[in-house]
Amino acid sequence: MKINRTYNITVLTLFPEMFPGSLGHSLAAKARENRVWDLQTVNIRDFADDNYGTVDDVPYGGGPGMILKPEVLGRAFDANIPGKDWDKIVLTPRGKPLTQNRIKKISTKKGLLIVCGRYEGLDERFVKSRSLEEISIGDYILSGGEPAAIVLIDSVVRLLSGTLKETANICEESFENSVLEYPQYTRPLHWEGMTPPEVLLSGDHAAIKKWREEKSLEDTKSRRPELIFNEKK
Ligand code: ADE
């Protein structure tokens, strides 16, 4: 397979052993073997400047938890300066929600640097000084940014040319055209007293297309009405 260029990803984390995780299997792993993309992890703790490997401290103003120190993060970032046409993202529940549209844009760049937050968060001065974009993968709290980084990387890598064989698939899946995908069926014809909708067996391609569009809309209206009314981001 001919690959034009490799999409490079650098992850700054306190837990490099959490990678590649699920990215070491299936589609993402095959694409990495084919040099569609590559991953390097950087251990933030290697940039601590005391003998204890201190990376965090208590928050100014009080409160629970520990905050990642800006000078440690700054050194880790500056030793791994991303390319000009790279996205620079910090994963945090405070960030803007990740969308399929944002993922598409990320996949058109040359590379991606991800900082994984831990503990109660990271010092805001680091986020601002290195112009990082804050992104959240959903309205729930993970114990750190690492699982979120794996979600983000997986969703980007599958859009890179050379990862998927059938690009036509991508055009019909959920969130394309702001609707959920229609339900799918396969053999056997009869299973536990249920059969697929007649129209799917008809061979009438126009009727099948119409049924799928209607079902997409119906399911989106009942499950995710906000998708229909929200502008694309
Ligand atoms: N870190 C903790 N929770 C997170 C979330 N929901 N999204 C991104 N990073 C996180």
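Analyst: The account below starts with the model as a whole, turns to the ligand site, and ends with one further residue.

This is a predicted model, in which local features need pLDDT of at least 70 and side-chain atom pairs count only at pLDDT 80 or more, while totals for chains, interfaces and linings use all residues. Residues are numbered from 1 along each chain as its sequence is written, and side-chain values use heavy atoms, with hydrogens and water left out.

The protein has eight helices and eight strands, taken as DSSP runs numbered from the N terminus (helices are H or I, at least four residues; strands are E, at least two). Its C-alpha trace spans about 70 × 45 × 35 Å along the principal axes, and of its 233 residues 40% count as buried, that is, under 20% relative accessible area, with exposed over 50% and partly exposed in between (1.4 Å probe, protein chains only).

The ligand sits in the second largest pocket. A pocket here, on a 1 Å grid over the protein atoms alone, is an open set of points where a 1.4 Å probe fits, with protein on both sides within 12 Å along at least five of seven lines, and a molecule sits in it if more than half of its atoms lie within 2 Å of its grid points.

Polar contacts are pairs of N or O atoms within 3.5 Å. A polar backbone atom of Y140 is 2.8 Å from a nitrogen atom of the ligand, a backbone N or O atom of L142 lies 3.0 Å from a ligand nitrogen, and for T92 a backbone N or O atom lies 3.3 Å from a nitrogen of the ligand. Of the 260 Å² of accessible area that the ligand has on its own, the protein covers 97%, with areas from the Shrake-Rupley method and a 1.4 Å probe.

T220 counts as buried because its relative accessibility is 0%. A polar atom of the T220 side chain lies 2.9 Å from the backbone nitrogen of L180. Leaving aside residues up to four places away in sequence, T220 touches S178, V179, L180, P225, L227 and I228, where contact means heavy atoms within 4.5 Å.

Methods: A polar contact is a pair of N or O atoms within 3.5 Å; within protein, one must be able to donate a hydrogen and the other to accept it, and residues adjacent in sequence count only if both atoms are side-chain atoms. On a 1 Å grid over the protein atoms alone, a cavity is a set of points where a 1.4 Å probe fits but cannot get out, and a pocket is an open set with protein on both sides within 12 Å along at least five of seven lines; lining residues have an atom within 4 Å of a point.
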